[in-house]
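This report looks at charged side chains and at one strand. Please keep the structure in view while reading.

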There are 2 protein chains.
Amino acid sequence: MTLLLAISGWDPDPWAERFRQLLTDRKTVILGEPFDRREVHYAITWKHPHGALANLPNLAAIFSLGAGVDHVLNDERLPDVPLARVVDTDLTNRMSEYVVLHCLAHLRQLLHMIQDQRGHIWGENRGQPAAKDVTVGILGMGVLGQDAARKLQIMGFPVIGWSRTPKELEGLPAFSGTDGLDSFLSRADIVVCLLPLTSETQGFLNRSLFERMRKGGRLGGPVLINAARGGIQVEEDILACLDEGVLKAVTLDVFQTEPLPAHSPLWEHKDVLITPHNAAMSSPDAVAAQIVEQIRKMEAGLDLNHVVDRDTGY
Amino acid sequence: MTLLLAISGWDPDPWAERFRQLLTDRKTVILGEPFDRREVHYAITWKHPHGALANLPNLAAIFSLGAGVDHVLNDERLPDVPLARVVDTDLTNRMSEYVVLHCLAHLRQLLHMIQDQRGHIWGENRGQPAAKDVTVGILGMGVLGQDAARKLQIMGFPVIGWSRTPKELEGLPAFSGTDGLDSFLSRADIVVCLLPLTSETQGFLNRSLFERMRKGGRLGGPVLINAARGGIQVEEDILACLDEGVLKAVTLDVFQTEPLPAHSPLWEHKDVLITPHNAAMSSPDAVAAQIVEQIRKMEAGLDLNHVVDRDTGY
């Protein structure tokens, strides 16, 4: 009943320590250490090296350390066992903090204020639209999208939602599918992307989509916030559309290449706000506790929560 | 039944137009134009020149165009008639937008992110505290303070309130008076000032107060947000306390002198976020409509709302 930690990009040691503390009766090994492949029942992954989870004859489940599982599913040698993702209240709250912060920042022209401050300029025109005059459209109405929507509404924003398949959403207009996308985009002043990265959403945030967003509006043009995955956006199109006035401003937490290369023109663009993929870092303790709970459930013969559908990719 | 607009610092013409449209049967005059002093029943003021409202024998009421009335009460020749301030849902919502935005900005280290972006630096340590780990203390628990408190709580912040006189506040710990101030300060990671400017609050945000705020905490030190009046803060103390690490960061919307002089060292300080007194610009249309409603109430023999107590100054 060994747990195998297959992590790249993060330090695996603190994770190993957490699991050892929570499951004192199991062995937790880190990929790269010697271990008996037959004893591994559970794999815990963050961007594991492709193929690293193959040839584990007794593997019963794979757990992703994040909400997104694109980093797992792109492994062509991924074994066919249940794959569960993290759905954690802390992560949900952190994402809503980020979404509300950046919607308010664009509403209240914070980038502009900071540029004025750098020039010792006391802004002449201090009038700003109110939240009630600016519609936020959320792409992806899962747990994260619904929590952000509720909090944005309390701040006064009208909110609309879009999802791949039709969804009943309490208290907000819901759009879905290719047919609903144009109606959704034409009503949104700020588009917030919380979609999973799948074969369908790869490159989804591109020029064609930006050109269909609401023109004008109280912010002077459409604003994009991507807190999902960099693979969903086409950075060349974002830059060109900002320069052409098709987009007014963007907040990006994720990038096609991470860390964002130092030579990327995004860094310098005055209408771009960059954060280093930290919109929703879940608390490692909360994530470890949730995975341990899932293991206990499984061993008690109960169904795992948050199992990924490999066809849709989330 | 003439309305006298006594405004400085803003263009009075759009205001005159609004009142003329709403009260077609009255005369609206702008200070500086010729008018019959005996016909003035109502004065509408924003930073009027001192003495300008004296010698109006039939004056029945004064209306402030803002929520604060310090700009009116500091006129020693102010006539002894009811003075009403604006309490407007739009203004309340705008202030809460500002307070939530800047609490989240400090929580999520936005100043630091923006500095990193300028240096093309992908932040190494991306861990950040969650709202639940950071207590916001609000100084001034009137209509504005209570609305901001509720919205901050929904975003996950623990919130505490302080007011001059004891107040029962639903769902949050309330402190009051000089006796309660130390307990309040020692618990707050972010202090938000929404107090009126009165003789008691002049210079209230000073070194002595900053030194009593919670040390350490998850933000690495206390944060101050002043969205009330510049006269409440001692800018020299703010700068010194930032440099000494007594304060971690500040957001200031108001200043001892406005516009903030170009030579102020506040502009350049890396831990200072400056906005040009625009935290809560109420919609001129909503303000004019509220004043007209108050005039109609008064003429129907009903009590005015939001009349200022000249002893407390709010």
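## Salt bridges

The model is predicted, so local features need pLDDT of at least 70 and side-chain atom pairs count only at pLDDT 80 or more, while totals for chains, interfaces and linings use all residues. Residues are numbered from 1 along each chain as its sequence is written, chains are lettered from A in the order in which they are written, and side-chain values use heavy atoms, leaving out hydrogens and water.

## A bridge between chains

E97(B) forms a salt bridge with R108(A), with 3.0 Å between the closest N and O atoms. Because E97(B) lies in helix 3 of chain B and R108(A) in the loop between helix 3 and helix 4 of chain A, the pair joins two chains; helices (H or I, at least four residues) and strands (E, at least two) are DSSP runs, numbered from the N terminus.

E97(B) is buried at a relative accessible area of 1%, where buried means under 20%, exposed over 50% and partly exposed in between (1.4 Å probe, protein chains only). The side chain of E97(B) also meets that of R94(B) in a salt bridge of 3.3 Å, N to O.

## A covered strand

In strand 9 of chain A, I190(A) and V192(A) on one side and V191(A) and C193(A) on the other are all buried. Strand 9 runs parallel to strand 6 of chain A, joined by 4 bridges, and I138(A) stands opposite V192(A); two strands pair if DSSP finds at least two bridges between them.

Conventions: A salt bridge is a side-chain nitrogen of Lys or Arg within 4 Å of a carboxyl oxygen of Asp or Glu.
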